Every structure is written in structure tokens, then in C-alpha cells.
Amino acid sequence: MKVSGLAEGSVRYRTHLQDIGWQGWKGDGEVSGTVGQSRRVEAVRIELTGDAALKYDVIYRVHVPNMGWLGWAKNGEVAGSEGMALRIEALQVRIVPAGTGETGLSALSKPELRVKAHSANVGWQASVGEGASAGTTGRALRLEALKLTMPGFDGVGGAISTRAHVSNVGWMNWTASGEVTGTTGRGLAMEAVQINIIGNVASFFDIYYRAHVSNYGWLGWARNGETAGSTGMSLPMEAVEVRVVPKGSSFDCGRSATVQPAPQPQPSAPAQTSSYVAEINGFLVDSRWANGTRWASGQRPKISGYGASGCCAYAVDLCKYVFGADSYREGEEFHDPSEIRAGDVIKVTGSQHWFVVLGRDGDSLWTAEGNWGGKVVVADGTYTVRGNTLCRNGSKFRTFSAGYHMQ
């Protein structure tokens, strides 16, 4: 970097490099960084020297992946990031009269995260950091409350906002960083949680979290205010894990972040036993068949011995898991779509697409299917019944061919 026409002063600068950190200051025209080492420049500081520093300000900003242009830094402030593996893709520099020029959020550093859990028979436990489990596992102790904080933002403004779904209470109000989420001294379990980042930091980071639930273990990851855990099922949370991730980063959320209650039986359907409800719930949160799991046209059954692939393979696996049947052929075949009810396997015309009905509310179906866009899709209301036609998202899909009552 070199500045010409600047009387009574010059410019100096330093860079923060991958795996090295901050280098020393360099002057007019000198190289700051490395050549031939493939090390990314992650942050920069620039300042004027001599009398020029009294008359002028130097302002500068950087462009980083997934986030674009950060705010303007001034007179030696940090522009870029530290500890986030974000390379500088472009740099813009201006020299302006002293006291003029805009500044903003110019530097990013990953916020520190602290989580403190209150468990039954234990009370408040020591706080843990990102990626560690807060609470207990393997001891059947309900989680009753949490405290989350993000200290040491290094100039990045923001906070954590959290709310809990509590047994016999429901959803409570949102709480701020450091405040108690949930209850203590009342013997009430947290059953679900929602966590959000607020303020400037929310523009640059996502927060992911997952719940360890009684009888189910670790569920998948929720993000940015989504629900993790369960509601309406009296299933206590036992632990939680939280992570802060730069926006745009790849993150595998795994299985579903929630336990979904099994559909209520329709009046025309046989009574559903508690065993049946447990099996349906178990299937839907199992990482082999959970919503979003990869399931392409060539996928074979994972537990059923029936010769099927794609969407049919998913249907026969559910038959095996929930009903102990090796395929839908062990169910009662029917051809009137008005008879569709919870637990049915449905075949439609065309390329013989298969899906499973988890519940029915009037003409609206709650369904689970494999090989829709190459993955498992569990959705409520995607399919509706109109006479002998099945509509998907309100548009005609295919004609009902046959169904099989599995219960």
C-alpha cells in the first residue's frame, strides 16, 4: 500500500494472517502478508503517521465471504475477523478530513458462549462453553432451567434471547442474556427451548442448539429461534448443547430437532395404543428416517426385507418399524380414498409414488415419504384429498390408486 501527495506524513499498516496472527507494521509500498504460502489475510489495520494524522482520518473496510462488506474502520482499528477462518476478498481505503467519514461494525470475532443448567436433584451446575453438554444424560434427571450468556463481544453488539416450554405452564416469556429461562424450586421440567441471537451480531452469526430428551436421547439441531425438544408430550429435556456458527457456514443439523406427537385417531380408525404412538414417534425421530434425511430413488429398505426402492422402500421400513410387517401387502387393501386414515400406506398412479399417512384432518393429510427431492419429507397439509384425486400443495398431483390399512 502506498499513498502519494500526502504532505508531512505517510501511511502504515499491518495484517492478521491465517495460522500466524498479527504481523508487524509495514510502511509505504512494503508487502504485508505472505507470498507463495497460500495463507489468507483475515484482518487489517491502517493508520496515518506524522502531521498528516492530525489533519486527516484514514477509513477502510473489507469484504468477506458470505457477509459482504463490513462497516468502516478508522485510524488503526481492526477491519476483518480473527479466529473465524474468513479471508479478506477486497479492501477499500479512503483518506478524509479529520472528524469526517462514517464508521460501523468493522471487525468480527466469534462471541464466547456460556451455558449454565439447573437439573432436578442437582441444582445449578458449573457453566460450560460452546459444544459442551449442559445438564445431565443417562441419569433420568429433568432439566429445569438455563442461563445463557455471550460475554466478550470485542465490540460486536448483541445478546442471546431464550424462552422455555415448561411442563404444566407452556411457553414462557423470552428472557435476556444471563436471566433464568425456565423455573427453579417448582419441580417443573423444561420440555422445549427456543434460542435467538439479537442485535448486530445476528447479522453475522447463527446459533444452533439441540435437546437431549427423555426416552429419545439427542435430537437434531434447531437454529435461530426454532423449537428444540417437544411440546404436548410430557417429555422432559435432560440436557442442551449450543453452538455459534458464522453465517453461511455448512452445518449438518442431522435428525429432526423436535419430537412430533403421533396423530390422534380418526373416529373410523381403530384405537391407537400407547405402544403404537411410541413406535410412530420413534420412527419419525430416528436419524435413518427423520425429516430431511437423504433418500434417493435407488435407496433400498434399511430394515425391511421387502424388495423395494425409493419411496416404496421408505414405506415398507415404516411398516416394519411400527407394525412389524415386512411390507404394506400385509395390510388390508382398499380403493376408496374416503377411507384414508392414520397408519395407511398410499399408492398413486403414474410412476407409482408411495407415501404413508400419519394423520388426517378432514381432507388434509399429515404424511411421511421418501425420495421427494432426494430426501425424506414429513409434512402436515401438503397432501389433500379431492374425490379420487390427491393434490400436493393445492395443485393436482396424481390419482389415488390403492391404500393399505396397517392397523
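A: His165 stands opposite Trp171 in S15. The model is a predicted one, in which local features need pLDDT of at least 70, side-chain atom pairs count only at pLDDT 80 or more, and totals for chains, interfaces and linings use all residues. Residues are numbered from 1 along each chain as its sequence is written, and side-chain values use heavy atoms, with hydrogens and water left out.

Strand S14, residues 159-166, pairs with S15 in the antiparallel sense over 2 bridges. Here strands are DSSP runs of E of at least two residues, numbered from the N terminus, and two strands pair if DSSP finds at least two bridges between them.

The S14-S15 pair belongs to an open sheet of 5 strands, whose order is S15-S14-S17-S21-S23 and whose pairing is mixed. S15 (170-171) is an edge strand of this sheet, as is S23 (258-259), and each of these two strands pairs on one side only.

As for confidence, the protein averages a pLDDT (the predictor's confidence in each residue, from 0 to 100) of 87, and 93% of the residues score at least 70. Over residues 265-271, however, pLDDT stays under 50. For this stretch the model has 7 contacts (heavy atoms within 4.5 Å) beyond four places in sequence. Where pLDDT is low, predicted coordinates should not be read in detail.

Definitions and conventions. Helices (H or I, at least four residues) and strands (E, at least two) are DSSP runs, numbered from the N terminus.
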